[in-house]
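Visitor: Hi! I'm new to this one. Could you walk me through it?

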Amino acid sequence: MCEFISETAAVADDCVLGWNVIVEDEARLGSGCRIGHGVVIHTGTVIGDNVTIEANAVIGRQPRSGASSRRKAASQPPLEIGGNVIIGACTVLYAGTRIGNEAVIGDLASVREECVIGESVIVGRCVTVECNTVIGAGTRIQTGAYITGDVTIEEDVFIGPEACTANDRKILAKEKTYKGPTIKKGAAIGTNATLLPGVTIGEGALVGAGSVVTRDVPPQETYVGVPARPIQRSK
Amino acid sequence: MCEFISETAAVADDCVLGWNVIVEDEARLGSGCRIGHGVVIHTGTVIGDNVTIEANAVIGRQPRSGASSRRKAASQPPLEIGGNVIIGACTVLYAGTRIGNEAVIGDLASVREECVIGESVIVGRCVTVECNTVIGAGTRIQTGAYITGDVTIEEDVFIGPEACTANDRKILAKEKTYKGPTIKKGAAIGTNATLLPGVTIGEGALVGAGSVVTRDVPPQETYVGVPARPIQRSK
Amino acid sequence: MCEFISETAAVADDCVLGWNVIVEDEARLGSGCRIGHGVVIHTGTVIGDNVTIEANAVIGRQPRSGASSRRKAASQPPLEIGGNVIIGACTVLYAGTRIGNEAVIGDLASVREECVIGESVIVGRCVTVECNTVIGAGTRIQTGAYITGDVTIEEDVFIGPEACTANDRKILAKEKTYKGPTIKKGAAIGTNATLLPGVTIGEGALVGAGSVVTRDVPPQETYVGVPARPIQRSK
């Protein structure tokens, strides 16, 4: 065996750890966790009961910014992961974020700092969630979707594969004010749709696949096209 | 050296294994394989001769579903990988799938359970192939394309970078019947195009870059735009 | 500790290496580098001073091509990484490429062979940069963007999230001549836009989110839509 468990980490006795698992200082693992081979758990990460993490995932890393980064990363408190969460292989999860009970994070996904991921949320494989975003309980984000920073997504939203969101309205400007879309309860965004900065997608609204949404979509309405326009909803 | 090879695994004598390679129970590696550092080979995986796997790949993991997952994952038979296959770094390949001889899987790609990947197929870097999909021999899927579940792709198809496919026609409905696109022999899908659920792309047909395909494309025709419409094919 | 440092590698005394780090033959690490757990540094890689690499990254791998690959990979000279570069977790960087000082490479990104990445460039998370591409100093490529091979991107360009580029004008043809877009100094490409092969985006030009660019965009102009057309630039 070649595990590397810090003496100051607290790992429940009934956890099953793979080979080459690394648990840094003061990390805590609840009862019944299964940690895959080669997983790295960074300093202070708090993991609930019965959490599964697949191989080679990187859990709880601190953000870093370069000399040219527009937003400077601040040191973050540890990542907190709720109970019964399932985390895929080769994922990268940041410190400063909370992940609710029963959530699922797909392989190769990343979630940055200062996010709140609600209970039973699905963050699909290869999804990125940027910093300072809130995702409501029961929301399902499909493979490869891009959730930018400074976004609010309410409960029970569906975001299709490869759909994406923007938060930078004046991309040529040096002075930045970031504002992502707001997606209300029960709305659904189609495959590969694009939501522009600051738009609101109303409750129960539907955005068609491949649409580009440049203005607000009212509740219960369906918008499609480039730019997206209202259509009669099919039954 | 810090390898972890199960006593019940069968690794051919002439394989070259990197440092920190993990081979779980009953996995089998054919003659002449080269396995990169940190690669994880899960239980029972069957690997043909002369297969190359780059560093930190995760090979043959079982699917898992959460409490909120719509499709519940069943335990799968082991992954089977044919001869002369090349697999990139940080890939995630699932049990329950077969990969044909001479196939290439790019870095950071993932292929889920119950798929059949034909001979000489290229699954580009960062591509996802979801479950229960069949890809015919000689098909080339470029970087970042998204192949949803329940898709049939025939032989010698070209799928451009970031192109994507949908399989869920009623994304607001609770009752689901999934049906992905069918892409016939020799068809080509342009960069960042979107194919809606259930459409058929005919033999030798061409879909332009950025198009959104909402209905069937006849054989040998070229469709472009949002929604995609026929145009005269340029020579 | 379970490090694997080749006797022919040269690692500066003040580097901090994580657990399970692998440094192959003749790699060189400058002063003050911080290398995360499980990082693999391949043969001959040259790393400048004060470089940070996060966990499970794969640095300096050689390209490989399969029997069915259209472009055959040549053996490459080692990867060169400048000073103060920051490299994310689970990244895959190739030999044959140079990365300038102060550049930032996001988690899960990959950069292939024969590229030149300028000083202070940001290659966002999950970005792919294909082979033989040049990226000018100060350019920022956002999450999930796709930079194809044979592309020239000048200085201080902004490429939005999930934007993508094509380099293969005749995707049905067997004989290939690849030519990617050229993006001039200070231009900006919106979220999920698509640039077709060979187009030139002029200095300071702006391409709207979700647009499909099929012909050249003149300097300082703004193009939007599918296909992209000029509009009056908003202030």
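Visitor: Let's begin with the domains of chain A: how far apart are the centres of domain 1 and domain 2?

Guide: The centres of domain 1 of chain A and domain 2 of chain A are separated by 30 Å, taken over C-alpha atoms. This is a predicted model, where local features need pLDDT of at least 70, side-chain atom pairs count only at pLDDT 80 or more, and totals for chains, interfaces and linings use all residues. Residues are numbered from 1 along each chain as its sequence is written, while chains are lettered from A and ligands numbered from 1 in the order in which they are written.

Visitor: Which residues belong to each domain of chain A?

Guide: Domain 1 covers 1–63 + 72–138, and domain 2 covers 158–169 + 177–235. Those bounds come from an automatic or database domain assignment.

Visitor: And how many residues are in the largest nonpolar core?

Guide: That core has 240 residues, and A:I189 and B:I189 have the most contacts inside it. A nonpolar core here is a set of buried Ala, Val, Leu, Ile, Met, Phe, Trp, Tyr and Cys residues joined through C-beta atoms within 7 Å. Buried means that 20 or more other C-beta atoms lie within 10 Å of a residue's own, exposed means 12 or fewer, and partly exposed is in between, with C-beta atoms placed from the backbone.

Visitor: Where does this core lie relative to domain 1 and domain 2 of chain A?

Guide: Both domains give residues to this core, so it lies between them.

Visitor: Which residues does A:I189 touch?

Guide: Leaving out residues up to four places away in sequence, the residues touched by A:I189 include A:F158, A:I183, A:L195 and A:V207. Contact means that the C-beta atoms, placed from the backbone, lie within 7 Å.

Visitor: Is A:E175 buried or exposed?

Guide: A:E175 counts as exposed, because it has 5 C-beta neighbours inside 10 Å. You'll find A:E175 in the loop between strand 25 (164–165) and strand 26 (182–183) of chain A. Strands (E, at least two residues) and helices (H or I, at least four) are DSSP runs, numbered from the N terminus.

Visitor: Switching to chain C, what is the strand order in the open sheet of 10 strands?

Guide: The order is 2-5-8-11-14-17-20-23-26-29, with parallel pairing. Strand 2 (10–11) and strand 29 (200–201) of chain C stand at the edges with a single partner strand each, so one side of each has no neighbour in the sheet. Pairing takes at least two bridges found by DSSP.

Visitor: How many bridges join strand 5 to strand 8 of chain C?

Guide: Two bridges join strand 5 (residues 28–29) to strand 8 (residues 46–47) in chain C. There, C:R28 stands opposite C:V46.

Visitor: What rotation superposes chain A on chain B?

Guide: A rotation of 120° with 0.0 Å of shift along its axis does that, at an RMSD of 0.0 Å. That is the relation of a three-fold axis. The superposition is by least squares on the C-alpha atoms of residues with pLDDT of at least 70 in both copies.

Visitor: How many residues of chain A are in contact with chain B?

Guide: 37 residues of chain A are in contact with 31 residues of chain B.

Technical notes:
Two residues are in contact if their C-beta atoms, placed from the backbone, lie within 7 Å.
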